[in-house]
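User: I want to see how the labels for this fold follow from the numbers. Please take me through them.
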Amino acid sequence: VAGAAPDDLLAAARAGDRGALARLISIIERGGEEARRVGRAAHGPGIDATTVGITGAPGAGKSTLTNALLETVRKGGDRVAVLAIDPSSPFSGGALLGDRVRMGDHTLDDGVFIRSMATRGHVGGLAVAAPEAVRVLAATGYPWVILETVGVGQVEIDVMAQADTTVVVVTPGWGDAVQANKAGLMEIADVFVVNKADRPGADDAARDLERMLKMSPSAGWRPPVLCTTATTGAGVPEVWQAVVDHRAHLAAGGELRERRRRRAAEEVTRLVAARLLDRARAVTAGPRAAELADAVANGDIDPWTAADELLGE
Ligand SMILES: Nc1nc2c(ncn2[C@@H]2O[C@H](COP(=O)(O)OP(=O)(O)OP(=O)(O)O)[C@@H](O)[C@H]2O)c(=O)[nH]1
Ligand SMILES: [Mg+2]
């Protein structure tokens with residue numbers, strides 16, 4: 001399939017060619033015209049995956065938990081993909097879910113597809129690429145996509161905002177509810193996991209979180225707080241059950257539809273913003289822009305006037 005058209009790659013990926021699927025995601029990662037063709041080809045009515053975001057502080061056990069969740073999901077028979085979102089890494093594809101955990105148990109199972117994504121700095125970045133990749137996975141037979149983030153920075157929060165269900169992982173030491181609150185995690189969490197429950201303090205952390213949640217106003221879904229030991233798998237099926245329950249809650253209340261609509265609007269806005277930024281770079285790349293920059297630096301004109309001239313306004 002070297003040099004194959006997006007439609008051919010999609011057909012191959014649908015037929016189980018994992019190399020073709022990996023190539024499609026690489027194309028999306030690179031962005032540009034080819035990514036656009038893939039985006040068009042993968043789009044269509046009924047192409048939909050449920051996305052589950054897994055986020056939390058570095059070292060909280062996100063990868064270990066993800067790995068354990070894969071086991072639970074596969075026992076239920078569903079196919080599942082993992083996208084590890086790593087905005088800090090210049091590498092992708094090969095560097096799976098950080099160095100500490102390899103998803104070795106699942107590499108031979110063709111019902112599981114695991115891939116990390118980085119951006120290589122193109123405009124729009126992962127916030128644009130991630131939903132596109134999810135669509136490709138949905139179109140090639142993965143009804144569940146787990147999005148694992150590496151940190152809790154703005155890009156990660158943007159990506160998490162695109163998930164149907166967000167699982168926030170804390171640990172006994174870090175799990176202080178005040179910290180979770182500060183990091184903006186209370187608002188995005190649909191399910192709280194206190195991982196490393198084999199360590200002292202897990203119950204305290206869970207209690208803190210419960211107390212915090214009781215104080216915040218909630219209509220409808222109240223995020224459950226669950227304890228896990230991801231390394232042994234203890235508590236992990238309960239986490240997946242909570243994810244499934246949350247999905248059902250969203251669907252029943254019409255919120256799933258509303259979230260999809262809102263996300264579509266955000267996605268379009270991001271694409272518009274990315275293209276405008278491309279234009280801005282083009283407009284400010286020429287010799288006149290350099291002259292104007294000099295003039296602004298010398299105090300000859302103000303930056304507003306310089307911008308007006310470049311935009312022809
Ligand atoms: N004791 C204990 N250790 C755990 C548990 N879960 C994960 N770990 C360990 O914690 C370390 C970090 O786990 P990871 O799964 O790599 O954590 P992560 O959140 O993915 O880390 P980053 O991707 O670096 O942010 C590893 O050494 C795991 O073996 C647990 O439930 N109990
Ligand atoms: Mg990890």
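User: Which residue in β6 is the bridge partner of Val-168?

Analyst: Phe-192 is the bridge partner of Val-168. Note that this is a predicted model, where local features need pLDDT of at least 70, side-chain atom pairs count only at pLDDT 80 or more, and totals for chains, interfaces and linings use all residues. Residues are numbered from 1 along each chain as its sequence is written, and side-chain values use heavy atoms, with hydrogens and water left out.

User: What makes β5 and β6 a pair?

Analyst: Two strands pair if DSSP finds at least two bridges between them. Strand β5 (residues 165-170) and β6 have 4 bridges, in the parallel sense. Val-167, for instance, stands opposite Val-191. Strands here are DSSP runs of E with at least two residues; helices are runs of H or I with at least four; both are numbered from the N terminus.

User: How do you know that β6 also pairs with β7?

Analyst: By the bridge count: 3 bridges join β6 to strand β7 (residues 225-227), and the two run parallel. Val-194 stands opposite Cys-227.

User: Why is the crossover from β6 to β7 called right-handed?

Analyst: The test is to point the strands away from the viewer and follow the path from the first strand over the helix to the second; clockwise means right-handed. The chain goes from β6 through helix α9 (residues 202-215) to β7, and this β-α-β crossover is right-handed.

User: Which strands are the edges of the sheet, and why?

Analyst: The order is β3-β2-β4-β1-β5-β6-β7, 7 strands in an open sheet with parallel pairing. β3 (112-117) and β7 each pair on one side only, and these are the edge strands.

User: Is Lys-196 buried, exposed or partly exposed?

Analyst: Buried means under 20% relative accessible area, exposed over 50%, partly exposed in between, with a 1.4 Å probe and protein chains only. Lys-196 has 23%, so the label is partly exposed. This residue is found in the loop between β6 and α9.

User: Why are α4 and α10 called roughly perpendicular?

Analyst: Angles of 65 to 115 degrees count as roughly perpendicular; under 35 is roughly parallel, over 145 roughly antiparallel, and the rest oblique. The axes of α4 (residues 62-75) and α10 (residues 236-252) cross at roughly 75° and come within 9 Å. The two helices are therefore roughly perpendicular. Axes are lines fitted to C-alpha atoms, for helices over the stretch in contact, and angles run from 0 to 180 degrees between N-to-C directions.

Conventions
Chains lettered and ligands numbered in written order.
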